[in-house]
Amino acid sequence: MTFLSILFALLIEQLKPLRADNPVYAWIKHFASKIENSFNAGQARQGRLGWFCVMLALTVPTALIYWLCVHIGFWAAFLWNVLIVYLTLGFRHYSHYFSSIQLALNTGDEATARALLAEWTKLDTTDMDVSEISRIAVEKALITTHRHVFGVFFWFLMPVGPACAVMYRVAEYLARGWNEPDHMKNEAFGRFATQAFYWIDWIPARLTAAAFAVVGNFEDAIYAWRNFAERWKNETDGIILSTGGGAMGVLLGTPLENAVAILPIDASTVDSTTAEGDSPPGDAPTPRALQSTVGLVWRALLLWMFLLLLLSAAIWFG
């Protein structure tokens, strides 16, 4: 059922992508904001309590409905699974930005590419050249794909999969929503949300990096993972970006003194040199790197689906 649920949800999303500003996401954001307003008094323990309140309010009903559907029958559980995967996946939430940036760069329209990248990342892109636009678009795409696809996949495979998928997506949002806004930066309230998502994402991030290595340049990907991932301020994102860059032969990240933040925790900040003067494998990003990113992501997705199919077949015939 798990394989079929993911497959059907992916097919539905290809036909009718869920908008990033859909009512379900809007309600969750509003609910999280209300909890923050009610609990936030500037202390970390209040953030921890608020985090558990949001998580329990959203995951427990999801699990109860799933168990009810299981008792009703196969089709009820299957339809509930498909709905939850469709709502938690985001394979095409932001793909229109990436595709449009790629098209603009390929046609030499740098102004449009800068405008699209600014709208997508909320960065000042005024003085960015083609290489910088390409780099940030690739980094943003790799991180977004991990958090909206592969991380969801991993947790959906756990017992009570729909509730675990909801947990992952909500934890990812709280790590951003309670730390990224100007009035929340450097506040103790969002500290636990960041720590919780780090541990929730610990295994999925490494599996995503491993998938990138398997379907890309394995030797360079593993070399970059082992030697350069720790130089990002955000360890988890550093693993994904260094491995993804190595797998494609693209140099991602910038020296610390010239870093540009693309995420709540600066994933693109990396010291690209060492005392010995070595640097990550790969060439400077170009518009071709965007096409390489599309290929890498699709190959990784097919690898995950193939492994899931083998696992499902083993269960069916075991």
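Which residues form a nonpolar patch on the surface? In this predicted model, F52, L56, V60, L64 and W67 do so, with about 480 Å² of accessible area together. Patches of this kind are made of residues with over 30% relative accessible area and no salt bridge, nonpolar side chains being joined within 5 Å; areas come from the Shrake-Rupley method with a 1.4 Å probe.

The model is predicted, with local features requiring pLDDT of at least 70 and side-chain atom pairs pLDDT 80 or more, while totals for chains, interfaces and linings use all residues. Residues are numbered from 1 along each chain as its sequence is written, and side-chain values use heavy atoms, without hydrogens and water.

An unreviewed UniProt entry places the feature "transmembrane region" at residues 64-89, 149-171 and 296-317; such annotations may be inferred rather than shown by experiment. In the model, residues 64-89 are 92% helix and 0% strand, with the end C-alpha atoms 21 Å apart. Residues 296-317 are 100% helix, and their end C-alpha atoms are 32 Å apart.

The contacts of W178 (heavy atoms within 4.5 Å), not counting residues up to four places away in sequence, include W51, V54, Y173, M184 and F189.

Eight salt bridges were found in the whole structure, each defined as a side-chain nitrogen of Lys or Arg within 4 Å of a carboxyl oxygen of Asp or Glu. R147 pairs with D237, the closest N and O atoms being 3.1 Å apart. This pair links helix α7 to helix α12 (residues 235-248) across 90 residues. Both R147 and D237 are buried, that is, under 20% relative accessible area, where exposed means over 50% and partly exposed lies in between (1.4 Å probe, protein chains only).

E172 and R176 form a salt bridge at 2.6 Å, N to O. Because E172 and R176 are four residues apart in helix α8 (residues 161-177), about one helical turn separates them. E172 is buried, at 2% relative accessible area, whereas R176 is partly exposed, at 23%. Salt bridges link R147, R169, E172, R176 and D237 in a network.

Conventions
Helices (H or I, at least four residues) and strands (E, at least two) are DSSP runs, numbered from the N terminus. Patches are made of residues with over 30% relative accessible area and no salt bridge: like charges are joined within 9 Å, nonpolar side chains (Val, Leu, Ile, Met, Phe, Trp, Tyr) within 5 Å.
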